[in-house]
Amino acid sequence: MSEIRKIGVIGAGQMGSGIAHVCAASGFEVILLDVTDEALKKGLGVIDKNLGRQVAKGKLSEEDKAGTLSRIKTTTQYADFGDSDLVIEAATEDEQIKRKIFTLLCPVLKPEAHIASNTSSISITRLGAATDRPGKFMGMHFMNPVPVMQLVELIRGIATSEETFSLVRDMVLKLKKQPVSAEDFPAFIVNRILLPMINEAVYTLYEGVGSVEAIDTALKLGANHPMGPLELGDFIGLDTCLSIMQVLYDGLADSKYRPCPLLVKYVEAGWLGRKTGRGFYDYAGEKPVPTR
């Protein structure tokens with residue numbers, strides 16, 4: 001295969017809809033899959049809203065917006081990926097769910113098709129081994145929010161071919177994103193550094209060193225971070241933060257990666273951050289209010 005033309009995206013949530021958005025905006029034909037029509041409708045609504053925001057800022061014409069939307073088709077059937085050149089899995093950060101997806105996906109793909117996972121922490125080698133084409137499988141970790149963030153981490157599994165890596169890297173450049181190569185170690189580069197910082201911020205709260213507001217203000221003003229670590233955790237999703245910390249803790253067997261008990265408690269309570277309306281902040285009112 002000399003180039004990628006048609007892209008499948010599995011998952012119409014925050015990451016999947018963003019990936020579909022940037023791929024379609026760059027001229028690729030996109031098939032977006034989710035388990036329900038309702039999820040697909042919601043995902044398309046997010047894409048439409050984000051494109052509208054770009055139009056309002058003068059970064060995009062109405063014609064370009066219409067063209068982007070016209071290149072996105074939706075489906076609930078894996079069989080519709082039959083002519084895709086690359087399928088990007090962007091489901092929830094759960095290895096068993098991803099493995100089940102690959103079991104459904106692989107039988108419908110053409111032999112030359114490639115698969116990428118948007119996993120933020122799970123072993124690419126292990127996920128690739130769960131497919132029928134580990135040589136054509138790799139990690140493709142987009143940052144959130146996808147239409148805004150410039151970085152894509154590219155991760156080879158032990159079996160990933162050089163042809164697959166080069167093909168996907170060229171496609172990322174066509175998206176006007178910056179690819180960075182990362183080795184297949186737990187959480188790769190960004191989350192290997194970022195998530196322990198967020199986890200340490202939760203420990204700082206847990207131990208009473210500072211309040212939610214004090215911790216976030218300190219990092220914004222003291223380290224010039226655009227968002228405080230607890231605010232960022234809410235934005236990412238506290239369940240995702242916990243999942244990545246567990247991958248780091250299990251994969252590297254180092255106590256410094258132990259998830260903070262308070263992070264575990266918030267996830268058990270269903271306080272997952274912005275997506276549930278409550279995390280380290282309560283998002284019910286006009287302005288977020290700290291919950292501790």
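Student: Where is N144 found?

Tutor: This is a predicted model, in which local features need pLDDT of at least 70, side-chain atom pairs count only at pLDDT 80 or more, and totals for chains, interfaces and linings use all residues. Residues are numbered from 1 along each chain as its sequence is written, and side-chain values use heavy atoms, leaving out hydrogens and water. Strands (E, at least two residues) and helices (H or I, at least four) are DSSP runs numbered from the N terminus. N144 is found in the loop between β6 (137-142) and β7 (151-156).

Student: With which side chain does the side chain of N144 make a polar contact?

Tutor: Not counting residues up to four places away in sequence, N144 touches Q14, M15, M149 and F235, where contact means heavy atoms within 4.5 Å. A polar contact is a pair of N or O atoms within 3.5 Å; within protein, one must be able to donate a hydrogen and the other to accept it, and residues adjacent in sequence count only if both atoms are side-chain atoms. At 3.4 Å, the partner of the N144 side chain is the side chain of Q14.

Student: Is A12 buried or exposed?

Tutor: A12 is found in the loop between β1 (6-10) and α1 (14-25). Buried means under 20% relative accessible area, exposed over 50%, and partly exposed in between (1.4 Å probe, protein chains only). Because its relative accessible area is 7%, A12 is buried.

Student: Which strand holds D282?

Tutor: The backbone nitrogen of A284 lies 2.8 Å from a polar atom of the D282 side chain. D282 itself lies in strand β9 (residues 281-282).
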